[in-house]
Amino acid sequence: MSDAVVTRFAPSPTGFLHIGGARTALFNWLYARRHGGKMLLRIEDTDRERSTEPAIAAILDGLSWLGLDWDGETVYQFARAARHREVAEQMLAAGKAYHCYATPQELEEMREKARAEGRPMRYDGRWRDRDPATAPAGVKPVIRLRAPQTGETVVEDEVQGRVVWQNENLDDLVLLRSDGNPTYMLAVVVDDHDMAVTHVIRGDDHLTNAARQTQIYQAMGWRVPSMSHIPLIHGADGAKLSKRHGALGVDAYRSMGYLPVALRNYLLRLGWSHGDQEIFSTEEMVSLFNLSSIGRSPARFDYAKLESLNGLYMRQADDRDLLDALKQILPEIGPAHGLGPELDPALEAKLLAAMPGLKERAKTLIELLDSASYLFAKRPLALDQKAATLLDEGARQRMPSLAEKLAAVNDWTPAPLEAAVRAFAEEQALKLGQVAQPLRAALTGRSQSPGLFDVMAVLGREETLARLSDQT
């Protein structure tokens, strides 16, 4: 066996990349990168109803946005059905599987009996040793695994520890349905084997599947990959993450104005830790990630924590990178802010100039665009309630004299502008706030904004004086 690590991410196309799936993909990606191996991508598209092109595109798009690349071509499970059938036939020929002719009615009787006895339904093995020549006419058989009936099946899980199943509690699972279609259990094992996967890292909702899949590996004499089953993500209330907790798809977080680098860091910390460290560069993630530090209990999704982390990344981000991230989601969020899908060059230049002040306060790109609204607001500005209160009659009467003072400023940059406003406040025997707050209201239409003198510098002399004139 080669020592190269091969992981895989194998989502079912449900229309978006689920936040839990994104974390699974991240863990697989980090483990492969840490060990200089490969992460493969397999789309488990055997459910033909749900596996549409847009659903598949949404998963690929979500991974790319998060910065998780994969190695080689994407594998599509449905296209490999002939290979799955071939393995089922091999097992049949080797006596490791058998034809089962139980009718739907017989299976329903087994189900009823199990229900009456308060136990899970298990196939009773009635065709395990029966001669197929005695099969009833017209019944198309399924192919079942001839599973061991004594002893135990063991998975040495890297996260859950040693997990043991008594074989008497596991029945002979179906490998090939009567219509010739392979089951999920068979397809996953054959695909993982053929793709030379060495490490299966997935949600712990697959833990019981691990026992069944291990039995298929053993029947084929194949090496069982290392398995790691990660606890699922829960909402703040401790229940499994669902629609009522908010967004489930990665695409929704992009629309809500989160940065991919922040979401990636947040997902890493959902269930994995390295001491008390909260912030990780991509290089640190790769060099530190290990399976032994994944916790066994479910992680809780906390929006406030994600928001705070996103704010931190925004403050540290390069201004141009933030502008690019904003432009990427503008077609979605622009209309709600009175903007088109693209920025005109003049507004783009203003946004870039204002970015140092804007990113200091915003926790998401949506908040950032909201606090930048003064840059593209239509004149005369509509004032919000607090701004209207600040810009009272006395303040309005002072505006012409203040405008005159500002018009005399030669160097239209924050420091000289601040000096002029301070000098005006002293002349009027007012506190700085009594002049600055109404001035902010007149220029932005709001009571809060990025630094006032930065706002004036970005707006420019002409626009600043025009807005002051509107309010007198």
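Residues are numbered from 1 along each chain as its sequence is written, and side-chain values use heavy atoms, with hydrogens and water left out. Because the model is predicted, local features require pLDDT of at least 70 and side-chain atom pairs are counted only at pLDDT 80 or more, whereas totals for chains, interfaces and linings use all residues.

Helices and strands are DSSP runs numbered from the N terminus (H or I of at least four residues for helices, E of at least two for strands). Two packed helices are described by the angle between their axes and the distance between the axes. Here the axes are lines fitted to C-alpha atoms, for helices over the stretch in contact, and angles run from 0 to 180 degrees between N-to-C directions.

Helix H17 (residues 414-427) takes part in a packing with helix H18 (residues 432-444), in which the axes are 8 Å apart and the angle is about 125 degrees. H17 and H18 are therefore oblique to each other; under the scheme used, angles under 35 degrees count as roughly parallel, over 145 as roughly antiparallel, 65 to 115 as roughly perpendicular and the rest as oblique. The crossing of H17 and H18 is right-handed, a crossing being left-handed if the near helix is turned anticlockwise from the far one by less than a right angle, and right-handed if clockwise. On the H17 side, Val421, Arg422, Phe424 and Ala425 meet Leu432, Val435 and Leu439 of H18, where contact means heavy atoms within 4.5 Å. The residues of this contact comprise 6 nonpolar, no polar and 1 charged; Ala, Val, Leu, Ile, Met, Phe, Trp, Tyr, Cys and Pro count as nonpolar, Asp, Glu, Lys and Arg as charged, and the others, Gly among them, as polar.

H17 also packs with helix H19 (residues 452-470), the two axes coming within 9 Å and crossing at roughly 120 degrees. This crossing of H17 and H19 is right-handed. Pro414, Leu417, Glu418 and Val421 of H17 are in contact with Phe453, Asp454, Met456 and Ala457 of H19. The contact of H17 with H19 divides into 6 nonpolar, no polar and 2 charged residues.

Histidine 229 lies in strand S10 (residues 226-230) and is buried, with a relative accessible area of 0%; buried means under 20% relative accessible area, exposed over 50% and partly exposed in between (1.4 Å probe, protein chains only). Its side chain forms a polar contact of 3.0 Å with that of arginine 202. Such a contact is a pair of N or O atoms within 3.5 Å; within protein, one must be able to donate a hydrogen and the other to accept it, and residues adjacent in sequence count only if both atoms are side-chain atoms. Beyond four places in sequence, the contacts of histidine 229 include Asp157, Val159, Gln160, Arg202 and Asp204.

Glutamine 160 is placed in the loop between strand S6 (152-157) and strand S7 (161-166), and counts as buried at 18% relative accessibility. A polar atom of the glutamine 160 side chain lies 2.8 Å from the backbone oxygen of histidine 229. With neighbours within four places in sequence left aside, glutamine 160 is in contact with Asp204, Leu207, His229, Pro231 and Arg296. Leucine 368, in helix H13 (residues 365-371), is buried with a relative accessible area of 0%. Leaving aside neighbours within four places in sequence, the contacts of leucine 368 are Met314, Leu322, Leu326, Met355, Leu358, Lys359 and Ala362. Glutamate 348 belongs to helix H12 (residues 345-361) and, at 16% relative accessibility, counts as buried.

Most residues other than glycine have a negative phi, and most peptide bonds are trans. A cis peptide bond, with omega of about -10 degrees, joins arginine 379 and proline 380; proline 380 is found in the loop between helix H14 (373-376) and helix H15 (385-390). Alanine 196 has a positive phi, near 60 degrees. Alanine 196 is in the loop between helix H5 (184-194) and strand S9 (199-203) and counts as partly exposed at 45% relative accessibility. Alanine 429 likewise has a positive phi, of about 55 degrees. Alanine 429 occupies the loop between H17 and H18 and is exposed, with a relative accessible area of 70%.
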